[in-house]
Amino acid sequence: MTKQSIDPFFRRLFIVAVLIIAVVLLYLMMPVILPFIFAFVLAYLFNPLVKRLSKYIKRWIAIIIVYATITLGMVLLLWWLIPTLLHQLQAAWEYLPKVLNWYNQVVRGWFVANANIRLPILETKGFSETLVEYLQTHYKFSDASSMMSQVLASSMSFINNAGLIVLVPILTFYFLFNWDKRIQMWKTAIPGPYCEKVIGIAQECDRALMAFIKGQLLVMVLLGAIYAVQLQLIGLELGLIIGMVAGIASFVPYLGFGIGFIAAIIACLFQFGLDWTYLSLIVGAFLIGQAAEGYILQPLLLGDKIGLSPLWVIFAVLAGASLLGFVGMLIALPVSAVLNVLFRHLYAYYLSTDFYKGRKQLVLFKK
């Protein structure tokens with residue numbers, strides 16, 4: 001009997017077809033896969049704390065304690081934050097007549113005088129009519145039943161998404177509970193000759209990533225507090241909410257400064273008018289915040305955790321935004337921290353090769 005062999009062309013065609021089907025299935029199942037990804041990331045972040053507590057108590061009790069502590073902290077934070085935010089949002093809503101008056105008096109007048117363009121006059125009492133007209137123009141609800149069907153469809157989508165969000169803490173619990181066993185299983189799956197090297201690189205990536213995340217979270221909190229306190233002392237009524245947003249947005253380099261600075265200047269113009277004293281104080285507050293971030297917070301809390309120059313940081317953020325939008329901007333620096341570790345090891349391996357030392361050439365370069 002002769003051994004039957006598969007034609008190489010059909011073997012490659014089969015492999016390509018399987019890969020395409022796998023990619024399509026992953027794309028279609030992305031709404032289901034995302035909760036597992038979020039749960040894994042949360043488990044990765046909480047595991048060090050759970051691991052410390054599990055030295056003294058059972059692991060499942062440690063997980064529950066961590067869950068309870070985080071929940072209590074969020075409740076206390078919201079208990080303090082919500083009334084303050086409501087007051088700030090109410091103050092922002094009270095600025096609406098001032099915004100409309102500034103538009104009608106300054107912006108509209110400038111266009112009429114310099115560009116001969118007549119912009120419409122905006123009034124607060126006409127907002128409801130404008131909203132109804134917008135809905136009728138863009139959504140074209142033929143009757144109340146079609147509108148109700150749209151609302152119900154949106155409600156069902158919201159319920160499904162809320163169900164997936166509720167699923168994340170449950171998945172995180174199971175990831176945390178079996179974390180050590182799962183890591184051990186992955187270790188045993190690595191081929192023996194490469195096991196030590198792969199584990200060493202993974203541990204180095206883990207140290208760089210955890211150090212960056214912890215340091216960045218502290219920088220966000222402290223920088224938001226610096227901005228908020230300064231703006232409140234200046235007397236800006238929206239200072240708290242602007243400072244908090246600027247601190248949270250500082251996870252993306254230069255985004256927090258840009259959003260906070262523009263929002264503070266606009267709020268200052270509406271509250272104090274073109275008062276150069278207050279404008280100078282706000283500019284000084286953000287310069288102090290930037291100096292504190294660049295010369296105190298980042299060197300002390302982050303140090304050289306990523307090992308990237310400012311040019312590469314900007315490139316990573318822009319590349320992440322181009323590939324994955326806002327989510328890409330958020331994950332650009334953590335991913336860059338891991339890629340930087342991998343590149344260092346790859347470059348060290350390249351320097352040790354015979355090709356680099358001139359002992360061997362690729363067939364492509366031989367004469």
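Is Arg59 buried or exposed? At 15% relative accessibility, Arg59 counts as buried, where buried means under 20% relative accessible area, exposed over 50%, and partly exposed in between (1.4 Å probe, protein chains only). The model is predicted: local features need pLDDT of at least 70 and side-chain atom pairs count only at pLDDT 80 or more, while totals for chains, interfaces and linings use all residues. Residues are numbered from 1 along each chain as its sequence is written, and side-chain values use heavy atoms, with hydrogens and water left out.

**Overall architecture**

- The chain contains 13 helices and zero strands; helices (H or I, at least four residues) and strands (E, at least two) are DSSP runs, numbered from the N terminus.
- Of the 367 residues in the chain, 24% are buried.
- Among contacts with a separation of 6 or more, 65% join residues 24 or more positions apart; a contact means heavy atoms within 4.5 Å.
- The chain has an accessible surface of about 26300 Å², and carbon and sulfur atoms account for 73% of that area. Accessible areas come from the Shrake-Rupley method with a 1.4 Å probe, and for residues only the protein chains shown count as cover.

**Salt bridges**

- Two salt bridges are present in the structure, each defined as a side-chain nitrogen of Lys or Arg within 4 Å of a carboxyl oxygen of Asp or Glu.
- Arg59 pairs with Asp180 in a salt bridge whose closest N and O atoms are 3.9 Å apart. This pair links distant parts of the chain, with Arg59 in helix α3 (residues 59-94) and Asp180 in helix α7 (residues 179-188), 121 residues apart.
- Asp180 has a relative accessible area of 40% and is therefore partly exposed, whereas Arg59 is buried.
- Arg344 and Glu204 form a salt bridge through their side chains, at 2.5 Å from N to O. Here too the pair links distant parts of the chain: Arg344 belongs to helix α12 and Glu204 to helix α8 (residues 192-234), 140 residues apart.
- Arg344 is partly exposed because its relative accessible area is 40%, and Glu204 counts as partly exposed at 22% relative accessibility.

**Surroundings of Asn47**

- Asn47 is located in helix α2 and counts as buried because its relative accessibility is 9%.
- Leaving aside residues up to four places away in sequence, Asn47 touches Arg59, Leu176 and Trp179.

**Geometry of helix α12**

- Helix α12 (residues 310-351) has 42 residues, yet its end C-alpha atoms are only 26 Å apart, short of the 62 Å that a straight helix would reach at 1.5 Å a residue. The expected span is 1.5 Å times one less than the number of residues.
- At Leu324, α12 bends by about 145°; the bend is the angle between axes fitted to the seven residues ending there and the seven starting there.

**Nonpolar surface patch**

- Val16, Ile20, Ile21, Val24, Leu25, Tyr27, Leu28, Met29, Val32 and Phe36 make a nonpolar surface patch of about 1000 Å². The elements that give two or more residues to this patch are α1 (8-28) and α2 (30-53).
- Patches consist of residues with over 30% relative accessible area and no salt bridge; like charges are joined within 9 Å, and nonpolar side chains (Val, Leu, Ile, Met, Phe, Trp, Tyr) within 5 Å.
- Helix α1 gives the most to the nonpolar patch, with seven residues.
- Val16 lies in helix α1 and counts as partly exposed, at 46% relative accessibility.
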